[in-house]
Each structure stands twice: as structure tokens, then as C-alpha cells.
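Subject: A structure for you to explore

Hi,

Here is the structure I promised to pass on. Have a look at it first, and then read my notes below.

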Amino acid sequence: MNDPFLNPASSDTGSGLSVRSATVTYRNGHTALRDATFKIPAGTITALVGVNGSGKSTLFKAIMGFVGLAGGEISILGQPVNAALKKNVVAYVPQSEDIDWNFPVLVEDVVMMGRYGHMNMMRLARAADHEAVAAALARVGMSDFRNRQIGELSGGQKKRVFLARALAQDGRVILLDEPFTGVDVNTEDAIVKLLRSLRDEGRVMLVSTHNLGSVPEFCDRTVLLNRTVLAYGPTVEIFTQANLEKTFGGVLRHFVLNESEGGKPRALDVITDDERAVIFQDGQATRRKSSSGDEDRS
Ligand SMILES: Nc1ncnc2c1ncn2[C@@H]1O[C@H](COP(=O)(O)OP(=O)(O)OP(=O)(O)O)[C@@H](O)[C@H]1O
């Protein structure tokens, strides 16, 4: 780590996810990720933040073995990608746009797909598989929808079903591609609550998001990406106004509001990348209370 922008304090990470000098070049010659390095310990939620085209999905694809590395290495729970994938430890919750919602499939069948890696070649579901599906649906509050067509659900309900699929898979590493896009505040709070409980079970979660306001609320750690890793480490250290401005360049919307407290004027910096804004007060990211009143413990 020669770049002083990277955070050396985050090198002690135990056996989570480790990405070292990863480079991904697509077949057309485009290098979407170059020399990306970061580590995430188990039992944490990490935000993956960057502009459109900064390589977030590419990084997910590399972790899932869908694209090969032109250089560097990725280690998942101490194992190379191929070995980890054989053991079915990585679960992926895709972006809504990547799914064909016209595909005629029932909610419980979608969740059962999470069990495929636990089944034999014939893919015959056993009692344990049905139990895992029922438990996953219950955990995301979607048991009553198990026999509905997936295409008939609302955006937030669909998200919950794909979370249930990841739960049924029992992935130790869960990758979530923009889980909050198009969901209301209540669903967002329910998802955050679920992610916190998964964190407490010692899982590793990497969440790509444009919802900057939610990052200081529930992400212990942050990775800032722009075709390489610009900074990574604890959110309180990394998710600063200066780092966000460096990550997004001129792309962010930035408002400065003048507020008065006890008769004294003070400035609030409001920074947004499309969705919910992050508000900096005296250079520190502020945190919202969830609608259920829960406070983030991170
Ligand atoms: N299959 C591919 N072949 C060639 N180039 C690709 C391919 N997939 C993605 N890219 C390019 O790689 C770069 C990174 O894309 P990627 O999808 O990883 O970005 P992202 O950060 O996930 O963006 P977004 O926020 O819009 O989802 C982009 O310039 C994109 O055009």
C-alpha cells in the first residue's frame, strides 16, 4: 500500500474477504478494475461506493468467479475463489434490473434456487431444503407470498425474496448489488435490520450503494472505488467529505445549508449521489435514526 489515501489501520482483518492487486480486463480490452486492494473482516457490513462505471459490479463478478483476474488475487474466507465457490460460501443478491421478472416462477422456487449448491445433480429438494426455504422466507417476512409469481410482487417484496434466496443458501459471504434502489424507508429499515443480524452471525457483507446517507448508519466499513480502490477501512475514518469528493469528482450534488443552533450559525454540507443524501456537520457524517427507532451500533 504505497498510496497514503489507503488506510493502513485496516490491514488486520482476520479471515474475511481479501482482494490484493486485483485487475480485471474484459475481452474488448477494457480494464474495468486495476490493482484493487482491500480487506474485510468477518462479522462486518462494508459499503462499496463509487460512480456509475467505477467497477462495482465488475468487482462482484470477480469475487463470484464470473470474470477472471488479469492480475492479483482474491481470497474468500482464506480460500481462493474457485475453492470457495465449490463450497457455496458466496451468495449474491442482484440488482433488480438484472432480473427477467416475466420469467414464470414462484417465490418459493426462487428461494429454493439458493439450495441448489446443497443438492446433488438431480436437484431433488429434501426436507432440510424445504425447511431452509421456509425459514428464509419467514426471516424476511415473506412467508405469505410463497406461492405468488415473482413478477407479481412490488419492488421491495422482490428484494426481500432475493435476500431470502441468499439466506437459504446460507452464504458466509453475501454480496448485495444496490439493495435499496426503489425501496421505501420501511423496507430499507427491514433490510438493514436483517443485515445487522447477519453481521452478528459473523458473515461478511459487501453492499454496493448509491444511497450515501445510509452508509454511516449501518456500514462498519467502506470501500471507495473508481476503477481502483481509492480508500478502504472503518467508515468513521474513510467516509469523509474530502474522500467522497475525491471519489466522485464533480459528479456529486453538494449543497451547503446555513443553520443556526442556539443563535450561532453553523454550516451543514449535504452531499448526494442520486438517492438519500449524506449530511456532514462540522466535517462528520451524521446518522439518521431508523423509523423503528433502532440506533446503529457501529
Ligand atoms: N462485459 C463487459 N465488457 C466490456 N466492458 C464492460 C463489461 N461490463 C462492464 N464493462 C465496463 O466496465 C466498466 C465498469 O462497469 P461496472 O458495471 O463494473 O460498473 P459499476 O460501478 O457497477 O456501475 P453502476 O453503478 O452503473 O452499476 C464500465 O466502463 C463498463 O462499461
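Let's begin with a pair of strands: in β14, A285 is the bridge partner of F280. Strand β13 (residues 278-281) and strand β14 (residues 284-285) run antiparallel and are joined by 2 bridges. They form a hairpin with 2 residues between them, and D282 in the turn has a positive phi of about 50°. Here, strands (E, at least two residues) and helices (H or I, at least four residues) are DSSP runs, numbered from the N terminus, and two strands pair if DSSP finds at least two bridges between them.

Before going on, please note that this is a predicted model: local features need pLDDT of at least 70, side-chain atom pairs count only at pLDDT 80 or more, and totals for chains, interfaces and linings use all residues. Residues are numbered from 1 along each chain as its sequence is written.

Next, the open sheet. Its 4 strands come in the order β2-β1-β4-β5, with antiparallel pairing. β2 (31-40) and β5 (79-80) stand at the edges with a single partner strand each, so one side of each has no neighbour in the sheet. Between β4 (residues 71-76) and β5 there are 2 bridges, in the antiparallel sense. In β5, Q79 is the bridge partner of I76. Helix α1 (residues 56-63) packs on this sheet, where α1 touches β1 (17-25), β2 and β4.

What surrounds the ligand? Among the residues around it are Y26, H30, N52, K56, S57 and T58 (C-beta atom, placed from the backbone, within 6 Å). α1 gives the most to this shell, with 3 residues.

Now find D177, which lies in strand β7 (residues 173-177). Is D177 buried or exposed? D177 counts as buried because it has 21 C-beta neighbours inside 10 Å; the cut-offs are 20 or more other C-beta atoms within 10 Å for buried, 12 or fewer for exposed, and partly exposed in between, with C-beta atoms placed from the backbone. Leaving aside neighbours within four places in sequence, D177 is in contact (C-beta atoms, placed from the backbone, within 7 Å) with residues including S57, F60 and S208.

Last, helix α9 (residues 241-248): L244, T247 and F248 are buried there. Seen down the axis of α9, these buried residues fall within an arc of 80° (taken from the directions from the helix axis to the C-beta atoms), so they line one face of the helix. G249 follows α9 and has a positive phi, near 60°.

Happy exploring!

Key
Two residues are in contact if their C-beta atoms, placed from the backbone, lie within 7 Å. Axes are lines fitted to C-alpha atoms, for helices over the stretch in contact, and angles run from 0 to 180 degrees between N-to-C directions.
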